Amino acid sequence: LPARTKSTRLFSRAMPVFPGGVTRATVEKDPIPFYVAYGEGAYLVDVDGNRLLDLNNNFTTLIHGHGFEPVRQAASDLMRMGTCFANPTQHEIGLAELLVDRIPAIEQVRFVNSGTEAVMFAIKAARAFTGRPGIVRIEGAYHGAYDWAEAGQAVDPNLSDRAAIPRAIPAYHGTPASVADDVHLIRFNDVNGLEQRLDALRGRVACVLIDPMPSRAGLIHPTATFVETLSSVARKHGILIIADEVLNLRQGYAGASPRYGLTPDLVTAGKIIGGGFPIGAVGGREEVMRVFGTQVNKPLLPQGGTFSANPVSMVAGRVAMEAMTHENFNHLEALGERVRVGLESSISRTDAPFCVTGASSLFRIHPKRLAPTEYREALQNDAQDRVMKELARHLLQWGILLPHGAAASLSTPMTNSDIDLIVAAFDDFLNVHAANGRA
Ligand code: PMP
């Protein structure tokens, strides 16, 4: 495995000052993290000089990879003028116009600083608009850290009863039990469950919160019937649809929803739209967005935030998104196709118990023969977890950083030869493991 002498030294300094040695639970450590020195295009270089092909891209954020020159230039020019003001700047209008132009469901937008905040304000907006407290969401999907958005995460990995109705429970010890009263879970792609639940809960539910391809729940395609049923039943009961595209907006020029025939009332965004700086956004139909403010009345839902729409994120985001032309989306689409097809052909050649899910510039390898259709099928037992850890280690030896239990993502500076390296490394892993009789 790549040497980690300097990272080890840094981690021993970090241990006393951070709980668990890190400042975010999601930092990957096996057994310690790689401390980054700098990033360069599709690669990052750690403090020990290891150069790694980055398939994490800060959890899918860096669609242009690291140190994208137009963003570096625009952000450093901007910083000479000051980095945040209580006044608005022209830069927020520029990014808003781009999102309104590109994304059909976004007529108006509000900026915040993270995906968590975007989802929180989208839920609050749906509540304010409908006057109802409840939300319906998909079991196993991740939407950030707002209590109502995360209730229900703690599912027993050994549960396999597909007939049972999933029940929301507060995500963490000490969270008010009442949170769960207003969170209702459904299974991804469970058409009957969706219909029954929405019919039974009508009048109590403000919105359905749905990521069109929830990454943590398996990065699985929604079925057309599921999307159609969601749209018609939600409309029938005046329930709003919030498409959480914080991660999946990178699936296309117009985002993810149009790709799957979903027409949301509100859309949340984050990650790629900040060009590598902190950002979140909630956008949607003008009629619903009115809860945040009108020219005349006091808003139903005043939303602020000291750093919201800070000009650095606005400018970086605008420049990064402008560079996401149709051509660049096509480039990522082709790379994504190449990696998924390549991995799948290695799997069928070796008849190994693996499968691949994902779309566009995203993919996930599962240690399972059958492609999962929803969260519980995607859950991994301890043995499968160990296999994935071994795979990540194997890819590291090839100089590839594969995120564990999350979507792998591609970036515009990647080329066919980067993709072929990923496939060759995976192929080698399957050969080694077939030889060991373990895969
Ligand atoms: N929603 C989705 C779908 C996400 O993937 C994430 C982050 N991975 C969030 C919300 C939360 O975003 P942030 O980490 O910026 O708070």
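Which residue takes a positive phi in the hairpin of E11 and E12? In that hairpin, which has 2 residues between the strands, Ser360 has a positive phi near 50°. Helices (H or I, at least four residues) and strands (E, at least two) are DSSP runs, numbered from the N terminus.

## Basis of the model

This is a predicted model, in which local features need pLDDT of at least 70, side-chain atom pairs count only at pLDDT 80 or more, and totals for chains, interfaces and linings use all residues. Residues are numbered from 1 along each chain as its sequence is written.

## Two domains

The protein is divided into domain 1 (5-67 + 325-435) and domain 2 (69-322); domain bounds come from an automatic or database domain assignment. The C-alpha centres of domain 1 and domain 2 are 25 Å apart.

Between the domains, 26 residues of domain 1 are in contact with 28 residues of domain 2. Two residues are in contact if their C-beta atoms, placed from the backbone, lie within 7 Å. On the side of domain 1 that touches domain 2, at least two residues come from each of helix H11 (326-350), strand E11 (355-359), strand E12 (362-366) and helix H12 (375-378). By class, this side of domain 1 has 11 nonpolar, 12 polar and 3 charged residues. Here Ala, Val, Leu, Ile, Met, Phe, Trp, Tyr, Cys and Pro count as nonpolar, Asp, Glu, Lys and Arg as charged, and the others, Gly among them, as polar.

## Strands and their partners

Strands of a sheet pair through backbone hydrogen bonds, either parallel or antiparallel. Two strands pair if DSSP finds at least two bridges between them. An open sheet is formed by 4 strands in the order E1-E2-E3-E13, with mixed pairing. Strand E1 (36-40) and strand E13 (400-401) stand at the edges with a single partner strand each, so one side of each has no neighbour in the sheet. Strand E3 (residues 51-54) runs parallel to E13 and is joined to it by 2 bridges; Leu53 stands opposite Ile400 in E13.

Two antiparallel pairs may be described next. E11 and E12 are joined by 5 bridges and run antiparallel, and Ala359 has Leu362 in E12 as its bridge partner. E11 is mostly covered, since 4 of its 5 residues are buried. A residue is buried if 20 or more other C-beta atoms lie within 10 Å of its own, exposed if 12 or fewer, and partly exposed in between, with C-beta atoms placed from the backbone. Strand E4 (residues 108-112) is largely enclosed by the rest of the structure, because 4 of its 5 residues are buried. E4 pairs with strand E10 (residues 280-284) in the antiparallel sense over 5 bridges, and Phe111 has Ala281 in E10 as its bridge partner.

## The largest nonpolar core

In soluble globular proteins, nonpolar side chains tend to be buried together. A nonpolar core is a set of buried Ala, Val, Leu, Ile, Met, Phe, Trp, Tyr and Cys residues joined through C-beta atoms within 7 Å. The largest such core has 124 residues, of which Ala122, Ile123, Ala125, Ala126, Cys207, Leu240 and Ala281 touch the most other members. H5 gives the most to this core, with 9 residues. The core draws at least three residues from each of domain 1 and domain 2.

## The ligand shell

The ligand is surrounded by 15 residues, and the closest are Ser114, Gly115, Thr116, Gly144 and Val246. A residue is near a molecule if its C-beta atom, placed from the backbone, lies within 6 Å of it. The shell consists of 5 nonpolar, 8 polar and 2 charged residues. Helix H5 (residues 115-130) gives the most to this shell, with 3 residues.

## Backbone exceptions

Most residues other than glycine have a negative phi, and most peptide bonds are trans. A cis peptide bond, with omega about -5°, joins Asp30 and Pro31. Pro31 lies in the loop between helix H1 (5-17) and E1.

Thr60, in helix H2 (residues 57-60), has a positive phi near 80°. Thr60 counts as buried because 26 C-beta neighbours lie inside 10 Å. Ala309 has a positive phi of about 60° and lies in the loop between helix H9 (286-289) and helix H10 (311-322). Ala309 is likewise buried, with 23 other C-beta atoms within 10 Å.
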